[in-house]
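Here is a quick walk through the charged pairs in this fold. Have the viewer open as you read.

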Amino acid sequence: MRSLLPVLLVSLVACASGPSYDYRREPDPFLTEYVIGPSDQLSIRVWKNPDVSSEVTVRPDGTITLPLIGDLFAVGRTPSALQEEITKQLGNYLKGEGLVVSVAVAAANSYTFTVSGNVERPGVFSSPRYLTVLEAIQLAGGPSRFASPSGTKLFRRLNRTTAMTRTIPIDYPRVLDGSQPEANLILIPGDQLYVP
């Protein structure tokens with residue numbers, strides 16, 4: 001009986017702290033290459049070929065238009081993957097071993113997320129840098145006086161090509177006081193935070 005007492009106490013404490021979630025499985029955008037989205041501005045340079053170099057904005061349909069190549073789908077690709085595709089396509093028109101293409105994101109305009117529910121200023125927000133859950137809620141003015149922030153939820157798409165989401169529980173007060181720092185996730189484009 002004495003050996004069961006510590007196990008029961010640990011179980012009761014675990015139940016009292018609410019459901020557990022493995023926040024480590026969530027993606028960290030700092031550890032992967034940027035993924036191009038609609039409205040991003042790209043600087044595409046072709047070495048020694050200024051007539052083929054371009055400054056383009058990714059259209060809502062996900063495409064860009066380049067000299068010689070025409071329309072090319074860019075959304076969902078990394079700059080290095082797009083660079084490989086452009087180099088391959090330009091190889092049909094420009095000969096020589098000196099074909100060097102660079103693709104840079106001049107402005108990351110597709111980094112948007114939504115904060116809704118009982119916050120002071122709900123809406124769709126964008127930022128020139130990645131934001132955490134705390135920063136996003138503060139950007140929306142913080143929880144309103146009617147909020148129940150311990151039930152905050154983060155809705156995240158399963159992938160870029162589907163509208164299906166998974167629900168991630170966020171205990172805002174515990175994130176705020178530092179007792180659950182792992183739940184202060186970095187938002188990725190398309191995330192939706194809801195404060196009940």
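## Salt bridges and where they sit

D71 and R59 form a salt bridge, with their closest N and O atoms 3.5 Å apart. A salt bridge here is a side-chain nitrogen of Lys or Arg within 4 Å of a carboxyl oxygen of Asp or Glu. D71 sits in strand 4 (residues 70-73) and R59 in the loop between strand 2 (54-57) and strand 3 (63-66), so the bridge ties together parts that are 12 residues apart in sequence.

Before going further, a word on the source: this is a predicted model, where local features need pLDDT of at least 70, side-chain atom pairs count only at pLDDT 80 or more, and totals for chains, interfaces and linings use all residues. Residues are numbered from 1 along each chain as its sequence is written, and side-chain values use heavy atoms, with hydrogens and water left out.

R59 also forms a salt bridge with D61, and there the closest N and O atoms are 3.7 Å apart. What about R166? R166 forms a salt bridge with E26. That pair links distant parts of the chain: R166 is in strand 9 (residues 165-170), while E26 is in the loop between helix 1 (4-16) and strand 1 (41-46), 140 residues apart. E26 and R166 also belong to a network of salt bridges that takes in R156 and D191. Searching the whole structure turns up 8 salt bridges.

| Pair | Closest N and O atoms |
|---|---|
| R166 and E26 | 2.6 Å |
| D71 and R59 | 3.5 Å |
| R59 and D61 | 3.7 Å |

How exposed are these residues? Buried means under 20% relative accessible area, exposed over 50%, and partly exposed in between (1.4 Å probe, protein chains only). E26 is buried at 8%, whereas R166 is partly exposed at 21%. R59 is partly exposed at 30%, and so is D61 at 48%. D71 counts as exposed, with 52%.

Now for the whole chain. The protein chain has 4 helices and 10 strands, where helices (H or I, at least four residues) and strands (E, at least two) are DSSP runs numbered from the N terminus. From the N terminus on, the order is α-β-β-β-β-α-β-β-β-α-β-β-α-β. Of the 196 residues, 36% are buried. Taking contacts (heavy atoms within 4.5 Å) between residues at least 6 apart in sequence, 53% join residues at least 24 apart.
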